[in-house]
Amino acid sequence: MLKYIVKRVFLEIVTIWAVATITFFLMNMVPGGPFLSEKAISPAATAALEAKYGLDKPLFQRYLTYMIDAAHGDFGDSLKQRGRTVMDIILMKFPVSAKVGGISVLVSLLLGIPLGCIAALKRGKFLDSLISVVATCGIAVPSFVICTVLMYTLGVNLKLLPTMGLSSWKNYIMPVMALSFYPTAYIMRLMRSSMLDVLGQDYMRTAKAKGLAGHVILFKHALRNAILPVVTYVGPMLAYTLTGSFVVEKIFTIPGLGGEFIGAINGRDYTLIMGTTIFLATLIIIMNVVVDIVYKLVDPRIKLK
Amino acid sequence: MKKRVFALVLVVVMLVGAVACGSAEAPAGEGKILSVQVGPDPETIDPALNSSSDGGTMLEHAFERLLSVDENNQIVAGAAESWEVSEDGLTWTFHLRDGLKWSDGSDLTANDYVYSFKRVCDPMVAAPYAETVLGVVAGYEDAIAGNLDALQVAAPDDKTVVVTLSAPCSFFGSLIAYSTLSPVQQATVEKNGDAWATAAETYITNGPFYISEWVPGSHILMSKNPYYWNADAIKLDGIKWNLIEDANAAYSAYQTGEVLMIKDVPTEEIPTLSGQSDFKVESIIGTYYLSLNMEREPFTDINVRKALNLAIDREYVAGTLMQGTYATASNFMGPGWVDTDGSEFIASANGGAPYIDTTNHEANVEAAKQLLADAGYPNGEGLPVITYSTNDSGYHKVVAEYLQQAWAEIGVTLEVEIVEWASFTPMRRNGEYDIARNGWIGDYSDPSNMLDLFYSTNGNNDGKYNNPEFDAAMDLSRTTLDPAERSAALHQAEDIMMEDAACIPLAYYNDFWLQSDKITGAWHGPNGHWYFMYADITE
């Protein structure tokens, strides 16, 4: 297992390097730059800014400098948010997104898995149909619609919940609902179909035939096998949810990382584009490695090579 | 079984870890706090670096310049209680008030202003507005090249600031009052570098308010500065700037009463809102216009430019398409620009008559057809297909669609090209377009601020307009000491560029916003800034 992890880590470093390289050259191919605005600043000021941030150097030299610095953990200064380093921004905003995202993932798992199981066990009954309808809605309705509906009903009309910021626990309710709706629905569907699959297996019949108690069959034999697809899904989902959603954060004024991804690209904040991309890539990769390990633990038949 | 439990524990630990590492929120300020929204997270609120109007509004409350602008848009005493200008108009002397202090309680002296002015010229600071506000000060050229001490700003004693200009500048008072020239504390800036302006602890101010809490992306809480010389006149205990990005979110927060004033109003709500007492529309100094690429055919032909200019129904554009949130433009310089005698510049433009008669659209279209025929393109025959480039935001797309339709009436075929914002600016600046959307919002009320856009060498002259007569008029306006002559020169410049159809003005900018009637004593300036420092909240 250790050998496997070492091998994976080495491979993942190569992957991150590739992601960083592609992003670096792609973003420099796009027209525009960080120091352009509707009102032209003087050529002297532009030149001074470019010199200050090394943008006056040839592209390949900038690439080398950036990669060497990044390898040493220095992701540079943000070009637009003057006075903040890219690391400052990520460290300041990631915890906020991670907190809202983490709660949402917990909620999705705690709701999605049991509801999926229930739907499978009550296949064809009313409860199954109801859960399926909810799940289909959850997948089909985009998050900005959910946000707007929540905001309008719970916030503006009923005045039950605050509409912006994160100053109390009440502020978390709407964003968490909006963020967890889709993954809950997805997990429900995954769980339902894989549970149905497992329930039809021979060994389930065997277990029943030898007289095992219902809850033992369900939890020890069925759930453990059926949960594998959910584990696969949760890894990358975790990475995306923890780094924040642009839409949800924008609508509920949550100072998270989600908006920075888009803001950095729109503003051509090169260092921040690189920083957030490498951060997200690293997180996804770590989650995938963790998922593989969890896989092995859940299902001993899987061999990690 | 054990392994499965371990796996589950692993997942839960990771999630709880992620949940737990969120920062704890400090309690919000207490007392009479005015909660407003003027924009999302400002890129920077370092006075030297800011170029946005929402950042500018915050700077008005945090800092006080030597001179200020009052609610009637007049220059009044600020940190300087009096000032005088020498006969030749070159030496400006400012006398500071007694006992001025920073928000940390330390003394503020004339040297702090000298330092701050020189910092704006520092190439390593690269202030975007350096040339706008200090370009006229003697020694600016050397200072911007790195020799900061060449800038002719001096403090003969702790209470006097003397600025020497390289040429007279009748509106230098407006520049002194501009937010870029706010004083910053030397020791704090040198110790923290650019980062001084990113945290409440190091953001030392001298204005009516200081920052007591700052959560980027969420809010900036300003509290009353007890060391401000006029603190007794400040009724609010604080102002909470909610950094809401989404207009619908801002509107929701306004409806629930969480925020008492919002700048970003969803445009689809305007029909229901107009007429309500809390929905405000006020003009700002700025014009929405179209740049014509003068280096390309057929725009080299003045008759083509004039035809395109006349074929537009401006009342329809401003009143219907833009829902009255813009005003019909008949001139290039709209309301709010101040003439040299203090009157409205537009009142005496073109001898008091509008350059474009916007009331008779049919006649304009006929004239446009005639002009096009004169240019050798009867009914548009022989004209190449023209491309209109714009970014997609606000009303830009509907305006583009309207232009397509309006110009089709005189036989012009228009293709619309939507360009992403960050690519659009360099494209327009490099002249890679036929016709492009353009706009300008003034920094200060002197007409030269916008007329300069058509000076042949100006960096914002996107249409590459070049008329030596226009340049000569602008040159005269810069050097003359006689207010009447200067006024005449500025009006002549507008006459020339309008006669040349150097651009196509469409509409004048307004600010429109929602403001609860509970707020009293606040005002909105033609520069697009809001002033809440003397405001109060009544229940």
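This is a predicted model: local features need pLDDT of at least 70, side-chain atom pairs count only at pLDDT 80 or more; totals for chains, interfaces and linings use all residues.
Now look for Ile302(B): 200 residues separate Ala502(B) from Ile302(B) in sequence, yet their C-alpha atoms are 8.8 Å apart in space.

Step back to Ala501(B), in the loop between α17 and β17 of chain B. The phi angle of Ala501(B) is near 45°, a positive value in a residue other than glycine. Why point that out? Because most residues other than glycine have a negative phi. Ala501(B) is also buried, because 23 other C-beta atoms lie within 10 Å.

You'll find Arg268(A) in the loop between α12 (258-266) and α13 (270-298) of chain A. The peptide bond from Glu297(B) to Pro298(B) is cis, with omega near -5°. As a general rule, most peptide bonds are trans.

Follow the chain onward to helix α10 (residues 302-310) of chain B, where seven of the nine residues are buried. Which ones are they? The buried residues of α10(B) are Val304(B), Arg305(B), Lys306(B), Ala307(B), Leu308(B), Asn309(B) and Leu310(B). What do they pack against? Their partners are β12 (279-292), α12 (361-374), α13 (396-408) and β17 of chain B.

Time to zoom out to chain B as a whole. Chain B has 17 helices and 21 strands. Its radius of gyration is 26 Å, close to the 24 Å that the globule rule gives for 539 residues, so chain B is as compact as a globular protein of that length. Along the principal axes, its C-alpha atoms fill a box of roughly 85 × 80 × 50 Å. Buried residues make up 49% of chain B. If you take the contacts in chain B with a separation of 6 or more, 67% of them join residues 24 or more positions apart.

How is chain B divided up? The domain assignment gives domain 1 (1-61 + 196-278 + 516-539), domain 2 (64-183) and domain 3 (283-511). The centres of domain 2 and domain 3 of chain B, taken over C-alpha atoms, are 34 Å apart. Where these two domains touch, domain 2 of chain B puts in 10 residues and domain 3 of chain B puts in 10 residues. On the side of domain 2, those residues are five nonpolar, five polar and no charged.

Now for chain A, which comes to 13 helices and zero strands. Its C-alpha atoms fill a box of roughly 85 × 60 × 30 Å along the principal axes. Of its 305 residues, 39% count as buried. Among contacts in chain A with a separation of 6 or more, 74% are between residues 24 or more positions apart.

For a look at how helices of chain A meet, pick out α4 (residues 86-121) and α7 (residues 170-199) of chain A. Their axes come within 6 Å and cross at roughly 35°. The crossing of α4(A) and α7(A) is right-handed. The residues of this contact divide into 23 nonpolar, seven polar and one charged.

How many residues does each chain bring to the contact? Chain B brings 59 residues and chain A brings 55 residues. On the side of chain B, the elements giving two or more residues are α1 (2-20), α4 (130-134), α8 (247-256) and α14 (421-429). Which of them gives the most? That is α1(B), with nine residues. By class, the side of chain B that touches chain A has 30 nonpolar, 18 polar and 11 charged residues.

Key: Residues are numbered from 1 along each chain as its sequence is written. Chains are lettered from A and ligands numbered from 1 in the order in which they are written. Helices (H or I, at least four residues) and strands (E, at least two) are DSSP runs, numbered from the N terminus. The radius of gyration is taken over C-alpha atoms; the globule rule is 2.2 Å times the number of residues to the power 0.38. A residue is buried if 20 or more other C-beta atoms lie within 10 Å of its own, exposed if 12 or fewer, and partly exposed in between; C-beta atoms are placed from the backbone. Two residues are in contact if their C-beta atoms, placed from the backbone, lie within 7 Å. Axes are lines fitted to C-alpha atoms, for helices over the stretch in contact, and angles run from 0 to 180 degrees between N-to-C directions. A crossing is left-handed if the near helix is turned anticlockwise from the far one by less than a right angle, and right-handed if clockwise. Ala, Val, Leu, Ile, Met, Phe, Trp, Tyr, Cys and Pro count as nonpolar, Asp, Glu, Lys and Arg as charged, and the others, Gly among them, as polar. Domain bounds come from an automatic or database domain assignment.
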